[in-house]
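Welcome! Let's take a friendly walk through this structure together, one part at a time.

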Amino acid sequence: MSNGDMFQNNHDEIDFEFLGNIRGKDWRIQTNVYGNGSTSIGREERYGLWFDPAEDFHQYSILWTDSKIIFYVDDVPIREVKRTESMGGDFPSKPMTLYATIWDASDWATNGGKYRVNYKYAPYVAEFSDLVLHGCAVDPIEHVAKCDSALGSEEVPSGVTQVQITKMRNFRLRHMTYSYCYDTVRYKVPPPECVISHQEAERLRKFDPITFGNGRRHRGKRHHHSSRGSQEEITASSF
């Protein structure tokens, strides 16, 4: 999700990115959040998937409210980003559009650029099914919001339940391989919203840190990399 076409100098972004895989290894996905053009502070997290997303459809969801962002895979919450005062304008707060694209991120996506896209396997195909979108549609010219009344507010989750919190903790313990909060190459001091766990830091230390070119990730027009056989559900609330 992005609004770079409307706010070129201070765009917001919420990303699900498929980073592909190395033969015999888990497929990897990445989540990321930008707000108000804060592209110099990437908030990436990476995870190994417990399935092959190219073999069948799965559900990938985003819940976006004015206080939190929650990412889900097959209804399991994998990450919660809470809006904090310290984040300031870095929390996405402007109307966004949904995009799905395939793009070449060979410079950083696979072990810091160690493995590059092999174009002998082209063309690359992304397939989507059962897209669901709930929230407030915003007129791109007048910026007037028209909210979806077809779905009762009680049917849209406002957060994670205690059972989901347990599932999210288990997922992150088993599958998370990278968090920007522990990348000391990019950030000598962790961004202010980070809550540091020394146990988590030690667990992630065994994975190769990905530093995106010493912390700089150059962005032009937004592109998102998705995989074949993916099902997208976006649940969004705008402000």
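Let's begin in a loop: Pro123 sits between β6 and β7 (132–134). Here strands are DSSP runs of E with at least two residues, helices are runs of H or I with at least four, and both are numbered from the N terminus. Ala122 and Pro123 are linked by a cis peptide bond, with omega at about 5°.

A word on what you are looking at: this is a predicted model, in which local features need pLDDT of at least 70, side-chain atom pairs count only at pLDDT 80 or more, and totals for chains, interfaces and linings use all residues. Residues are numbered from 1 along each chain as its sequence is written, and side-chain values use heavy atoms, leaving out hydrogens and water.

Two other loops deserve a visit. Asn36, in the loop between β2 (28–34) and β3, has a positive phi of about 60° although it is not a glycine. Asn36 is partly exposed, at 40% relative accessibility; buried means under 20% relative accessible area, exposed over 50%, and partly exposed in between (1.4 Å probe, protein chains only). Asp75 lies in the loop between β5 and β6, and its phi is also positive, near 70°. Asp75 is exposed, with a relative accessible area of 52%.

Now turn to helix α1, which covers residues 162–175. Its buried residues are Gln164, Ile165, Met168, Phe171, Arg172 and His175. They lie on the same side of α1 because they cover an arc of only 125° around the axis, taken from the directions from the helix axis to the C-beta atoms. Facing away from that buried side are the exposed residues Gln162, Val163, Arg169, Leu173 and Arg174.

Technical notes. Expected span 1.5 Å × (residues − 1).
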